[in-house]
Amino acid sequence: SDRRARDTAVMIRSVIVGDHEMMHSGAKKSKSLSTSDLARVKAQLLDPKSSRKIIDHLHTMSASLADTGSVNTGPIHAVCLDAIDKEIHEQHFIQLGSVATATATTICDALANVHLVNLLTAPDMGFGAPASSPGLLAGAVPSAETIIDGLQQITPQLLALGYASSKAILPDHKGVIVPTDRLSVLTYWWGFEVCMPPPTIEHLSAAASPGTTLLNLLTALSVVSPEVREVLPFIRYIAQFVQTEWHMIKAADKGKGVVCCATWIMPVAMVPRPWDFPDPP
């Protein structure tokens, strides 16, 4: 039921965040989770239907136990590569094959010229910003400074963010645009999302091994980017999931792509859902 899913989401937050906030605030410490509680959480996360409901609740919850509203529920990090998936494959991986069988030297050579776009520092993809600015569309049109002399810009400062701290300062994510032409990865306090729009689905479908092709792309994202390096230990599990459950993933696509998500406490229990991010302006 929905209530059980929310209770499980609260348990997951307790496991990830802990009770340190309650101890500092003087609130009553929550009851420790028993072995049977954790086994029940694990069983629900392994079931795609219940796991989807749990993650839906986690999406609306803040890492801070003191937050009762829907504040600080957006991604902590969000990145994509600076070219579409097919171009990245042709430029960096077509000679390499699979990173799973390549040497460290050849992988370093392949990733030497890979560049990333931080979707939080450039939430609008750089539209209207100078060419030297971050963002996929930087330099595409004159900047606001060029048009209106003296316009004061206010740029939020991204701070080093903690996953399990109520004191972590999170940036405003309202303007974050998830790319619809390439793979991207978003990380939250509760877990992560691998976002695959239609071009990514098409690229993986055309590959001899969707899992191997995704493994290469995820390696580039997680090795080059310090922002989402926390997913690095799990990229082989993600790739294996995509390889074995490719038909289920494609079945989840309603025309706009698929998002595969998982929690930090069980990253191998991935759940695909139809693309539900807002359309770009």
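Is D56 buried, partly exposed or exposed, and what is its relative accessible area? D56 is partly exposed, with a relative accessible area of 35%, where buried means under 20%, exposed over 50% and partly exposed in between (1.4 Å probe, protein chains only). The model is predicted, and local features need pLDDT of at least 70, side-chain atom pairs count only at pLDDT 80 or more, while totals for chains, interfaces and linings use all residues. Residues are numbered from 1 along each chain as its sequence is written, and side-chain values use heavy atoms, with hydrogens and water left out.

D56 forms a salt bridge (a side-chain nitrogen of Lys or Arg within 4 Å of a carboxyl oxygen of Asp or Glu) with R52, the closest N and O atoms being 3.4 Å apart. The two residues lie 4 residues apart in helix α4 (residues 48-59), so about one helical turn separates D56 and R52; helices (H or I, at least four residues) and strands (E, at least two) are DSSP runs, numbered from the N terminus. R52 is also partly exposed, at 29%.

A search of the whole structure finds 6 salt bridges. One of them joins R273 and D276 at 2.7 Å, N to O, with R273 buried at 3% and D276 partly exposed at 45%; E193, R273 and D276 are linked in a network of salt bridges.

In helix α5 (residues 85-93), the residues D85, I88, H92 and F93 are buried. Seen down the axis of α5, the buried residues fall within an arc of 70 degrees, so they line one face of the helix, the arc being that of the directions from the helix axis to the C-beta atoms. The face turned away from this buried side carries the exposed residues K86 and Q91.
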